[in-house]
Amino acid sequence: MPAELLQVSWLEVSSCVDGINPKKKYEVGFKISLKVDAFGWNKYPVYIMMKRGQEGEISWKKVSLNTNNGNGNQPFEILGELMKTEKHMTDTKLYFGLYEVWSGKWKGGLQIHGAFVREAAS
């Protein structure tokens, strides 16, 4: 059962996973859908954030959601990509999230089916 945003002005979904390899590239993503009556997403993109460890640099990916794309409430994936690092890192945590916290405008009809982290093709 997906989590559904009925009416929000602030979207912040965050988590972390442990055990990532700093020498590998990862995809971070969310499986989402937009209900037919979704609103407020056209003008304001969401951002996927990723960071290796507490000391890592934050990577952002801007994703535009189009409520007029006629997806018929079918789930789809939005992705961000975290590149491998040449730095020596002992912290094997990967922090990530999905955000729209800047507009302050009302939005609704977004369903979040899940989040994932997977190794990306090199």
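Student: Why is Tyr47 called partly exposed?

Tutor: Tyr47 has a relative accessible area of 23%. Buried means under 20%, exposed over 50%, and partly exposed in between, with a 1.4 Å probe and protein chains only. The value of 23% therefore makes Tyr47 partly exposed. Please note that this is a predicted model, in which local features need pLDDT of at least 70 and side-chain atom pairs count only at pLDDT 80 or more, while totals for chains, interfaces and linings use all residues. Residues are numbered from 1 along each chain as its sequence is written, and side-chain values use heavy atoms, with hydrogens and water left out.

Student: What does Tyr47 touch, and where is Tyr47 placed?

Tutor: Tyr47 belongs to strand 4, residues 46-52; a strand is a DSSP run of E of at least two residues, a helix a run of H or I of at least four, and both are numbered from the N terminus. Contact means heavy atoms within 4.5 Å. Not counting residues up to four places away in sequence, Tyr47 touches Trp60, Lys61, Lys62, Gly97, Leu98, Tyr99 and Trp102. The C-alpha atoms of Tyr47 and Val101, 54 residues apart along the chain, are separated by 9.3 Å.

Student: How do you know whether Tyr26 is buried or exposed?

Tutor: The relative accessible area of Tyr26 is 9%, so Tyr26 is buried. Tyr26 is found in strand 3, residues 26-39. Its contacts, leaving aside neighbours within four places in sequence, include Arg52, Glu81, Leu82 and Arg118. Tyr26 and Arg118 are 92 residues apart in sequence, yet 5.6 Å apart in space, C-alpha to C-alpha.

Student: Why does Gly108 count as buried?

Tutor: Gly108 has 0% relative accessibility and therefore counts as buried. Gly108 lies in strand 8, residues 108-119. Leaving aside neighbours within four places in sequence, Gly108 is in contact with Leu5, Leu6, Gln7, Ala38, Phe39 and Trp41.

Student: What makes Pro2 partly exposed?

Tutor: Pro2 has a relative accessible area of 24%, and so Pro2 is partly exposed. Pro2 is found in the segment before strand 1 (3-5). Among the residues that Pro2 touches is Ile112; the C-alpha atoms of these two, 110 residues apart along the chain, are separated by 5.3 Å.

Student: Which elements make up the protein chain, and how many residues are buried?

Tutor: The protein chain has zero helices and eight strands. Of its 122 residues, 42% count as buried.

Student: How do you know that the radius of gyration agrees with a compact globule?

Tutor: The radius is taken over C-alpha atoms, and the globule rule is 2.2 Å times the number of residues to the power 0.38. For 122 residues a compact globule would have a radius near 14 Å; the protein chain has 15 Å, which agrees.

Student: Which classes of residue line the largest pocket?

Tutor: The lining has three nonpolar, three polar and six charged residues. Ala, Val, Leu, Ile, Met, Phe, Trp, Tyr, Cys and Pro count as nonpolar, Asp, Glu, Lys and Arg as charged, and the others, Gly among them, as polar. Among the lining residues are Arg52, Gly56, Glu81 and Met83. A pocket is an open set of points on a 1 Å grid over the protein atoms alone, where a 1.4 Å probe fits, with protein on both sides within 12 Å along at least five of seven lines; lining residues have an atom within 4 Å of a point.
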